[in-house]
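Hi everyone, thanks for making time this morning. I'd like to walk you through one structure, and please have it open while I talk.

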Amino acid sequence: MNISGVISAGYKSADGKRPPTLLVVSASVVAFAALIPVAYLLIRSIGVGSEWFDIIWRQSTAAVFGRTFLLIALVTVISVIVAVPVAWLTVKSDIPLRRVLSVASVLPLVVPSFVMATTVIEMYSPKGVLQGWLSGLGVERLPDIYGLGGATLVLVLMTYPYVLLTVRGALRRMDPALEEAARAMGYGPVHTFRSVTLPMLRPAIAGGSLLVALYTLSDFGGVALLRYQTFTSTIMIQYQSSIDRTLAAVLSLILVAIAVLLLLGEGFTRGRGAYHRSTVGAVRVSRRINIGRWRWAGAAVVGVPVLIGLVIPVAVLIHWLVRGLLNDQQLLPLLIPARNSLYISLLAAVTTVLASLPIAILSVRFKSRLSRFFERAIYIGFGLPGVVVALSLVFFGINVARPLYQSIWMLIFAFVVLFLPASVGALRSSLLQLNPRVEEAAQSLGRSQWRVIFSVTVPLVMPGALAGGAMVFLLTMKELPATLILSPIGYRTLSSSIWSAASEAFFAKTAAAALLLVLVAGVPTAYLTLRGHSDGVDETDRVDESDSQSPSETAEVAQ
Amino acid sequence: MLWRRQKIDISVQSGVTMGVAGSEAAGAASTEAGVIELQGVECSYPGSDAPAISEFNLLVKPGEFVSILGRSGAGKTTALRVVAGFERVSSGYVRVGGQLVGSSFVHVPPDQRRIGLVFQDYALFPHLTVAKNVEFGLKGLPAEERRVRIAPVLKMVGMSGYESRYVHELSGGQQQRVAIARALAPDPVALLLDEPFSNLDRQLRAALRRDIKRIVRESGATTLLVTHDREEALATSDRVAVMGENSIEQIGTPEDVYQNPASAAVAKLIGPCELIPGVFRGGVVVTEAGVFPTRVTTDIHMADGQQALALMRASELEIVLAGEEGQRTSTVEMTEFEGEFTEYSIRLDSGTLLRVRRRAADGIDVGSRVTVHTRGDAKVIVFPV
């Protein structure tokens, strides 16, 4: 037995394979790092003592609770109502412009919430563009856009693509024979959808809803501009306005608790959930259903969210830009923030993908209790709002990692923790498609496990790594709270400079920067969508795929 | 020379110091030269109670082509993976090229075993060209020499000229040739083939089988093939090892195993047949289909009056139209003309179906009453019940 064998002897995967020691060590480091924010927050809050109860039971806390949950419920329900028909129409029906609409319906994802909010205010506020058009028709005054209504609108527009992507993936994977069987038994199309399709989609809807709810919980820019106070914005205000950050820490911990509740809630709706497994082998593609004279109505159903969530916001930005250029108004400086944003996003993408490699390889190739623990540890970032991670890293930086505090690396650290799940998810699905026999072949040809990883595994999961990297890049570009809290003083990114202008209501000034941000974020999104990957958002791939043994081997083991 | 032999030595030595008694016994047994040697091997998968293979013994001599024949789930792929080093054994000894590579306390990883493995689904590297796939096992050599080394191997498998193709640009049969070239290129101690023909269609299979037999003979590689296809096992190998439940039941030349199956289970695996019950009476077996002269296989001794199973093979039986009274008769239920012969399905009174293969269509038709005999001086094999 060689030395590495002895060291990794403690780690034995479910099928008896032992991973290279270095792989286990690097995965441990990543998982440990991912746990730092929550651990540190806990340590910090325990020191608070009895103040805890006072804070939780304070009247204002309860009110914030109520408002946050109301917003989450509204946004989630409406997103599902918008997304499910759009998914069905773009996958199963023969609406005109299906391909274009199919890609476009995902693109509102690229508009950051604070940009979406400025354009929504411009369009729909009582003094907005729409009011101007409608006053000719005798409409005196539109309802106030600020508050719950506006916040819901902004968040629905930018989060319905999450549900859309998961449901679309499920629709594509679904065996059309099920629906055909129902039709053969005399069910009409509507009845079939209700009694067969919809129940099959339930796990996907639940998964997408979870993403929507978690995003809504963690959004800062959108709700702040629309003056709707949620937990996240309360924490930001607390953090920015008071010297004592204990309150912010305690509130953050409550925020974590809510996120955990949402995660548990999703697991609950998933239930026994065995039906989520798609059958192995090629999935037959079903014929598109001819919806006849409803074709154009169907296109409209898909088109309206695209219009409101993408076309109008971009049009408003272009309008501001043109007006600003014509009137020689002052625009935000572009060059340095753009460069910083690109630099940070690229750095975050590369670091996160590198960090997720050992975790993904262990969890797919060397399943064990330890690898499951690693996976769970990094999924903490999935439920953690950016503001919480950022805050605890501030505490951590000041008290423990002083040299990192106020450096770019602290910011990158936050992004890695936040976006590891997205990247691990993409890598995992790539790895699951890779036949493990290929790696075994390489090993039998004389390469050690460690060298096999570099010469075979990594080149073959490159598409997954690129997809994961693109996701992280996009998410980093749009991220606001962590960027605001952790950026070194004076370090401006696109999102932080847009935010500082927008929060002082200089909307028009943000036009060029916001357009650039949407464009740059659009590139990886288009890549992900056009890749034809059934779930562009691989975050949702965290459902446990069953192991990747070949059927023959499974049969042999079963005997 | 390309492989880190020293490492193997180190593993073996540390194995000796760790488990003294066991390895001494193993050392004594390895005097007989075997390229692949499994001795009382047991291997189980975590989570399942029963071992996938147990008390598994096999010795493959230098240059020999041995097939393991068994139904799916018998553990034959496990045996192959044990030899390759992808599974650890819980007891017994595994030797490759005379070196102890696997036991309860020694495990030499697959990359240090110098074994060429051809997977059922080939497992070629999709990101590499044919040439790069074949070169993969030649690491450590200068690029020029690698190119020189792979040329004859590619020629041997008939894939010269395909060097710069990618795997997805090849047909299934071509992919398999590349897989074999890749496994042979580093000059392995032994070649392992896991169900190499199962992914190919029928016609291609027979042609490729002959090719592989030729390639393997040319290369002189010691070969272990695993299959559930009896024709494959019988046609390709020098010796066939028939697997029962997780261990080998019989091993011998294809002719010997076919002629003298050691048990009813082996007989069923090695060729199409029916086993019908009867009573053994000094040289004959009395069954409902008739009385047949018997041939007791070498290691089975039966007593007079003992219950027996008679092995009925379609090619060893003959039927004639029932004539005189008093003989047991059966009915022809179906005939299938298959070109070179016609296969008759004979329904016995108990409901059992016998199959008889014969040439001429001589008026025996569906519905005829017939009597069953052995063809010429053929004798049936009987097994104790």
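Let me begin with how helices and strands are picked out: they are DSSP runs numbered from the N terminus, where a helix is H or I with at least four residues and a strand is E with at least two. What you see is a predicted model, in which local features need pLDDT of at least 70, side-chain atom pairs count only at pLDDT 80 or more, and totals for chains, interfaces and linings use all residues. Residues are numbered from 1 along each chain as its sequence is written, while chains are lettered from A and ligands numbered from 1 in the order in which they are written.

Let's start in chain A, with one residue. Leu391(A) sits in helix H17, which covers residues 386-399 of chain A. Is Leu391(A) buried or exposed? For that we count C-beta atoms, placed from the backbone: a residue is buried if 20 or more others lie within 10 Å of its own, exposed if 12 or fewer, and partly exposed in between. Leu391(A) counts as buried because it has 30 C-beta neighbours inside 10 Å.

Which residues does Leu391(A) touch, leaving aside its neighbours within four places in sequence? Two residues are in contact if their C-beta atoms, placed from the backbone, lie within 7 Å. By that rule Leu391(A) is in contact with Tyr239(A), Ala248(A), Ala249(A), Ser252(A) and Ile485(A).

Chain A is divided into domain 1 (17-48 + 332-537) and domain 2 (58-272 + 296-329), with bounds that come from an automatic or database domain assignment. Taken over C-alpha atoms, the centres of domain 1 and domain 2 of chain A are separated by 23 Å. Where they meet, 40 residues of domain 1 of chain A are in contact with 46 residues of domain 2 of chain A. Several helices of chain A each supply at least two residues to the side of domain 1 that touches domain 2, including H17, helix H2 (21-46) and helix H24 (511-530). H24(A) gives the largest share of that side, 11 residues.

Over to chain B. Chain B has 10 helices and 20 strands, and of its 385 residues, 43% are buried.

Here is a sheet to find. Four strands of chain B form an open sheet in the order E2-E1-E4-E5, with antiparallel pairing; strands pair if DSSP finds at least two bridges between them. Strand E2 (53-60) and strand E5 (99-102) of chain B are at the edges with a single partner strand each, so one side of each has no neighbour in the sheet. On average, neighbouring strands of this sheet are turned by 25 degrees against each other, direction ignored. Those angles use axes that are lines fitted to C-alpha atoms, for helices over the stretch in contact, and they run from 0 to 180 degrees between N-to-C directions. Helix H3 (residues 76-84) of chain B packs on this sheet, touching strand E1 (36-43), E2, E4 and E5 of chain B, and its direction makes about 115 degrees with that of E1(B). Between strand E4 (residues 91-96) of chain B and E5(B) there are three bridges, and Arg95(B) has Leu100(B) as its bridge partner in E5(B).

Next, a helix with two faces. In H7(B), Ile212(B), Ile215(B), Val216(B) and Ser219(B) are buried. Why do we say that they line one face of the helix? Seen down the axis of H7(B), the buried residues fall within an arc of 90 degrees, so they line one face; the arc is that of the directions from the helix axis to the C-beta atoms. The face turned away carries exposed residues, among them Gln203(B), Arg210(B) and Glu218(B). Just after H7(B), Gly220(B) takes a positive phi of about 70 degrees.

Last stop: strand E14 (residues 307-312) of chain B. Five of its six residues are buried, so E14(B) is largely enclosed by the rest of the structure. Strand E11 (residues 274-281) of chain B joins E14(B) through six antiparallel bridges, with Pro277(B) partnered by Leu309(B). E14(B) also pairs with strand E20 (residues 380-384) of chain B, again antiparallel, over four bridges, and there Ala310(B) stands opposite Val382(B).
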